[in-house]
Amino acid sequence: MAKTNKTPVRLKDIAVKAALSIGTVDRVLHGRGRVSEESKKKVNEAIAALEYKPNMIARGLATSKSYHIAIIVQEYHNDSYWESLINGVNQAYDNIKAFGFSIDIIVFDPSKKGDLLRYKKTLANGNYSALLLAPTLRDDAHEVLNLCDKMNIPYVLINTNISRLSEGCLSFVGHDSYQSGGLAAKLFSLMTAKNDGLAILHMEKEVDHSMHMIQKQEGFKNFFNSGQHEPRNLIIDRVSFNKDKIDIHNSLKKLLTEHKSLKGIFVTTSRAHLLAEALRSLDRDDLLIVGYDLIAENLVALDNYERLILINQNPERQGYEGLFTLFDHLFRKRQIVLNQLLPMDVVTKENISNYINVNRFSSVSI
């Protein structure tokens, strides 16, 4: 006998069976607004009568358990990279909040030593089910995560991967920073000559404690020092980032004066646009720049600076996938992959249209 496909049960079907409005059924299924216990009972009975397949919503209705997630990142206001990451977190939250999830977004100032540690007490008293952390400051992050291990709070790391052997470390979501540094070096090896000088600029204050920048630097250096590629004259500098364009301009002018052979600059952060602007003001747009991230300022720089290449770290997706991984662990009870490495897209002016105005994320399948 041929198999027949059963017509999927619609929201309207449940509403008719329960003798309720579609809006009421929607509120019950998605946990929005006030609904009487009697209406909830009718919806559940309609679901059972219509043989609605067990799914996440049905499972959510059957339990009163809630999940409280702490999101800890460095200050993101007025920083396009971190704003993008938080945007991804919020998109994920919009998809999972109906299943009993709530979040607290907690920010720290990476320029203030020990500022992250202020939140140890918050974690200890917050009744959190899990933690999503961007551990940009290695030592402070380890101290916070040691507390999580002690309190049996599972966690997912995004943006920066630090070595954690604890069972509480569910996953890392992001790029392999060491490999991305090697990728940047590969681009320079293809587009500059053997005797050309190459500089690594961090354009950040907290370099020594920022693992992702150190790993990018090491990957870049080792590409040329491994013996498999022609060695280069490498210059490492730390142009300060204080939003003072005059200071950046003067620092670069000094760098270019001291290193006449300089033909390429690797920026380990998302601030390549500041470098491009300064180089244009110095009439040095002949230098090749490789930097990170498709933030709005860098998209403008792609139009204005011909020799700019961006490696897309996709902070928005990191935030989305990071929170969704905790959803998979806590609610779906799925086995979590320890390292969720995202693709490293190489983006130029010629292919940028493939990365903007794209619907990046879909809602939870129910």
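In which helix does Leu147 lie?

Modeller: Leu147 lies in helix H7. This is a predicted model, in which local features need pLDDT of at least 70 and side-chain atom pairs count only at pLDDT 80 or more, while totals for chains, interfaces and linings use all residues. Residues are numbered from 1 along each chain as its sequence is written, and side-chain values use heavy atoms, with hydrogens and water left out. Helices (H or I, at least four residues) and strands (E, at least two) are DSSP runs numbered from the N terminus.

Leu147 counts as buried because its relative accessibility is 18%; buried means under 20% relative accessible area, exposed over 50%, and partly exposed in between, with a 1.4 Å probe and protein chains only. Leaving aside residues up to four places away in sequence, Leu147 touches Lys120 and Leu123, where contact means heavy atoms within 4.5 Å. From C-alpha to C-alpha, Leu147 and Ala124 are 7.9 Å apart in space and 23 residues apart in sequence.

Helix H7 (residues 138-150) packs on the sheet and touches S3 and S4, with its direction at about 165 degrees to that of S3. Axes are lines fitted to C-alpha atoms, for helices over the stretch in contact, and angles run from 0 to 180 degrees between N-to-C directions. Strand S3 (residues 130-133) and strand S4 (residues 155-158) are joined in the parallel sense by three bridges; two strands pair if DSSP finds at least two bridges between them. Leu132 stands opposite Val156 in S4.
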